[in-house]
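Hi,

Here's the structure I said I'd pass on. Have a look at it first, and then read my notes below.

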Amino acid sequence: MKERITFIHSPDGDLDAKSLTVSKTSILIKALKASREERLTLSAHELPQEIWQALRQCHQLHLKWVSDLPYHPPPPFVSRAAPGLHVFLTPHLNRSPDVLCPLLRKVFGYGKSFAFGQDVLVEIPTNQSHDPSPPIYHSHDFLPSLRDFVIYLQKKICPDQDNECSTAAKRLANAAYVDMDYDAGSREYIITSLHHESPDLEGWNEEIKCRRNSEKTEVGLFTYRQALEPQELSFEGYLTVIGEDKKPRPTRFSFPSRHHPVPLASGSGFLTTFPKPTGLHPTLRLTFPHPISSPGHECALHTYLTLPSSLFVDEYQLSSPNFLAANNLRGVRALSGETDLEAPAWVTRKWGSTMLLELAHRARHQARLETAESQWHVDIPLHLRYLPPAAGGATGVDLPWPIVFWACPAEEGSDLSGNPFDRIYLGYEVLFGPSTTFYHFQPQPKEPRRSLVEQLQVPVMDLPASRWVESGTVGVIVLGALWVMWKSLRVSLNDWRLSKKTIQPRKVL
């Protein structure tokens with residue numbers, strides 16, 4: 001077991017080594033206001049047998065859970081994924097992913113209705129030059145909490161009476177995101193979590209001890225500094241290995257990164273709404289500050305949508321040049337998953353679909369011609385499938401906020417794999433080349449603690465009232481059948497009487 005804990009201090013504040021008190025077996029942290037990333041690396045023999053048996057069926061497995069609450073992380077933690085639980089999977093040849101379904105149910109607390117298998121997963125298009133063996137299957141489900149996962153870790157991973165392990169597992173419930181990555185080549189299972197701020201106003205106050213079975217526990221305290229190259233991130237601060245260092249070691253390092261924040265001066269936030277009334281053909285509106293500026297001349301503005309199976313996009317509608325121009329769109333760059341335009345929700349098998357859409361942004365010289373108060377927005381047409389009946393005559397459909405970013409080609413020969421904090425397999429980065437850099441917009445809801453999952457109320461058949469409809473329908477059918485039978489019988493009787501009169505013998509005079 002290896003553990004790495006990284007604190008990123010705000011560049012506006014003073015970085016003081018006195019925040020860390022080093023002893024032979026621990027580090028004491030006092031009133032430290034910083035973002036915190038924890039990375040725990042487990043070998044195969046340290047995993048529960050049921051997890052290891054499932055992982056043996058996988059070439060690669062990447063689980064990513066993202067909170068639906070807004071968070072504003074500092075570099076290098078700015079990469080984003082849609083709220084919920086994502087599963088990226090490459091099974092071994094001739095192995096079925098169905099073996100993961102009971103394990104996911106148990107670990108994350110899914111009910112029996114949860115399905116995970118070959119017919120549910122979506123095969124995502126990838127750039128083969130980016131990675132010769134990327135996960136080819138993707139699944140997403142809106143999981144609002146990691147409560148069951150925390151309980152599972154405390155029971156199955158943490159040794160008995162290991163309070164430090166139990167506390168660390170409990171802390172995951174309040175994380176901004178949690179990544180779980182496995183690669184058959186390394187046979188290591190890595191759990192990474194991010195807390196974008198301390199749990200209280202005083203900051204982080206705790207004693208970090210070396211775990212019982214830990215080979216190495218490394219603690220870093222850094223602050224962001226301006227890098228010399230635009231594609232790089234630079235940090236300086238202190239690094240300490242518990243049990244090896246007697247005091248924090250001053251450290252400064254730089255590395256190329258594929259994920260960057262959009263500069264504040266360039267307009268770094270966006271708002272997601274559904275204009276009322278939504279109806280059965282809702283419009284997803286992305287509103288940006290006015291104006292926004294591109295990080296480079298060759299950069300393109302994109303949004304990446306994660307749609308549940310009850311919602312879909314019409315790719316033929318999004319191929320019309322006039323329609324695209326009227327809604328500040330450029331075109332669909334990738335679309336995979338459940339795209340049947342006619343199927344109702346109870347017929348679809350896939351979990352949903354994903355779409356990469358290029359947006360047509362306004363340049364600064366165009367913005368000068370308009371008033372400063374005006375806002376620029378993008379409208380993305382969506383469509384609802386026919387949903388099953390529900391009590392009350394309405395049902396909710398959850399749609400996570402999309403990811404919005406600039407995609408910029410890097411210099412020829414750039415190597416972006418040296419980032420020690422890099423996140424891989426977010427869904428959209430495999431759709432670009434290996435040297436692409438991403439500048440991410442921050443979601444900015446109207447209320448600071450508002451969920452980043454929009455819920456649409458969709459009218460459906462009221463289930464209790466449908467019983468009257470069923471009874472009434474059966475009654476009308478029966479009455480109609482009786483009426484038709486009665487009419488047919490009357491016609492038959494009339495014909496019989498008429499035929500009888502016709503064949504009656506004439507009287508002889």
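Predicted model: local features only at pLDDT ≥ 70, side-chain atom pairs only at ≥ 80, totals over all residues.

A quick reminder before the cysteines: a disulfide is a covalent bond between the sulfur atoms of two cysteines.

The count here comes to 2 disulfides. One joins Cys 158 and Cys 165, with the sulfur atoms 2.1 Å apart. The link is left-handed, at -75° about the S-S bond. Cys 158 counts as buried because its relative accessibility is 8%, and Cys 165 is buried too, at 11%.

The other disulfide joins Cys 299 and Cys 408, whose sulfurs sit 2.0 Å apart. This pair ties together distant parts of the chain, 109 residues apart: Cys 299 is in the loop between strand 17 and strand 18, while Cys 408 is in strand 25. The link is right-handed, with 115° about the S-S bond.

What about Cys 101? Cys 101 is in no disulfide, and the nearest cysteine sulfur, that of Cys 58, is 13 Å away. Cys 210 is partly exposed, with a relative accessible area of 33%.

Now the helices. The axes of helix 3 (residues 147–156) and helix 4 (residues 163–171) come within 8 Å and cross at roughly 165°, so helix 3 is roughly antiparallel to helix 4. Val 150, Leu 153 and Gln 154 of helix 3 meet Ser 166, Ala 169 and Lys 170 of helix 4. Those contact residues split into 3 nonpolar, 2 polar and 1 charged.

Cheers

Conventions. Residues numbered from 1 in each chain as written. Heavy atoms only, no water. Axes fitted to C-alpha atoms, helices over the stretch in contact; angles between N-to-C directions. Helix = DSSP H or I, 4+ residues; strand = E, 2+ residues; numbered from the N terminus. Parallel < 35°, antiparallel > 145°, perpendicular 65-115°, else oblique. Contact = heavy atoms within 4.5 Å. Nonpolar A, V, L, I, M, F, W, Y, C, P; charged D, E, K, R; others polar. Disulfide = S-S within 2.5 Å. Buried < 20%, exposed > 50% of the residue type's maximum accessible area, 1.4 Å probe, protein only.
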